[in-house]
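The stops below are arranged as a series of selections.

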Amino acid sequence: MTRKEFIPYYQPIIDVYKNEMYGCEVLVRWWFNGKELILPDDFIPYAENSGLIIDITDVLLEKTLMQLSSVNWQDSSAIISINMIPGQLEDKQHMREVVDLIIKSSISPKQIAFEITERMSFSDLDKAATVIDYLKAQGINVKLDDAGTGYGSFSYIQHFNLQSLKIDKMFVDTIGTHDHKLFVLDSIIAFGKKAGMEMIAEGVETKQQSDYLLQNGVYLQQGFYFSEPLKFEQFCIFVEQNKRKH
């Protein structure tokens, strides 16, 4: 933390219907001693258990706003998604500081989305609902990440009045197989459509998966089929190439 070794990587989210970039998800990497890249699975569980994940997220957001402002991200309507744990969304004072940081940058709060994982539980749903309403009033969208995999099921969507959900890779992987979880994927999509929700599928790795999702109305997609998570310099090249297509 002191050496600011946690850095953002950016994974593009593609609108396959329009064939253009919808935005990106910010993912953390640990550039240990400036030599070794440590992947999130090797440190995020410890960071979450110790509470340091909150400081890491702050550093990540600060770097992201600085980097993407420098390439005039604010001139587009593209979205920046960043992960939050339930504990962060139960602390209104801290989230006020986060919002202040965004407002001081040149990027609009309307271009920011926070993804809350369903894999960890909230300790106070009412407190979180108040904070989420505050964020939405600032123009910040809150999405349900890992939909269908964890504690809250779809009760979070109702309690927090969420309008966006992310379909977990676990379900995307079942496309083209006989895995019974494919029925869960179809149910999540049906639910999302019925509720009029924005849906993003993550972990898309093949054309077959992408086509199936598009045919079923899930046109916002991310995954290795489009691009792996990219460091800032690589992401800038990806964005420029995407612009030249249009």
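**Before selecting**

The model is predicted: local features need pLDDT of at least 70 and side-chain atom pairs count only at pLDDT 80 or more, while totals for chains, interfaces and linings use all residues. Residues are numbered from 1 along each chain as its sequence is written, and side-chain values use heavy atoms, with hydrogens and water left out.

**Stop 1: the whole chain**

Display the chain as a cartoon. Nine helices and nine strands are present; helices (H or I, at least four residues) and strands (E, at least two) are DSSP runs, numbered from the N terminus. The C-alpha trace spans about 50 × 45 × 35 Å along its principal axes. For 246 residues, a compact globule would have a radius of gyration near 18 Å, and the 17 Å of this chain agrees with that. That radius is taken over C-alpha atoms, and the globule rule is 2.2 Å times the number of residues to the power 0.38.

Next, colour by burial. Of the 246 residues, 49% are buried, where buried means under 20% relative accessible area, exposed over 50%, and partly exposed in between (1.4 Å probe, protein chains only). The accessible surface of the chain comes to about 12200 Å², and 52% of it belongs to carbon and sulfur atoms; such areas come from the Shrake-Rupley method with a 1.4 Å probe, and for residues only the protein chains shown count as cover. Among contacts (heavy atoms within 4.5 Å) between residues at least 6 apart in sequence, 68% join residues at least 24 apart.

**Stop 2**

Select residues 53-69, which form helix α2. This helix has 17 residues and reaches 24 Å from its first C-alpha to its last, close to the 24 Å expected at 1.5 Å a residue; the expected span is 1.5 Å times one less than the number of residues. Twelve of the 17 residues of α2 are buried, so the helix is largely enclosed by the rest of the structure. Among them are Ile53, Ile56, Leu60, Lys63 and Gln67.

Valine 28 counts as buried, at 9% relative accessibility. Its C-alpha atom is separated by 7.0 Å from that of leucine 60, 32 residues apart along the chain. Not counting residues up to four places away in sequence, valine 28 touches Phe6, Ile7, Pro40, Phe43, Ile44, Ile56 and Leu60.

**Stop 3: helix α4**

Select residues 125-137. Helix α4 has 13 residues and reaches 18 Å from its first C-alpha to its last, close to the 18 Å expected. Begin at its start, where a side-chain oxygen of aspartate 124 reaches to within 3.2 Å of the backbone nitrogen of aspartate 126.

Which residues of α4 are buried? They are Ala128, Ala129, Val131, Ile132, Tyr134 and Leu135. An α-helix has 3.6 residues a turn, so residues three or four places apart point the same way. The buried residues of α4 pack against α3 (92-104), β5 (112-117), β6 (141-147) and α5 (155-160). After the helix comes glycine 139, whose phi is positive, near 100 degrees.

**Stop 4: the cysteines**

How many disulfides does a search of the whole structure find? The search finds zero, a disulfide being a pair of cysteine sulfur atoms within 2.5 Å. The sulfur of cysteine 24 is 10 Å from the closest cysteine sulfur, in cysteine 236, which is too far for a bond. Cysteine 24 is also buried, with a relative accessible area of 0%.

**Stop 5: threonine 174**

Move to the loop between α6 (169-172) and α7 (181-194), where threonine 174 is found. Threonine 174 counts as buried at 2% relative accessibility. Its side chain reaches the backbone oxygen of phenylalanine 171 at 2.5 Å. Not counting residues up to four places away in sequence, threonine 174 touches Asp179, Lys181, Leu182 and Leu185.

**Stop 6**

Most residues other than glycine have a negative phi. Select lysine 4, in the segment before β1 (6-15): its phi is positive, about 50 degrees, although it is not a glycine. Lysine 4 counts as exposed at 52% relative accessibility.

Finally, select asparagine 161, in the loop between α5 and β7 (164-167). Asparagine 161 has a positive phi of about 50 degrees and counts as partly exposed at 47% relative accessibility.

Notes. Polar contact = N/O pair within 3.5 Å; in protein donor to acceptor, adjacent residues only side chain to side chain.
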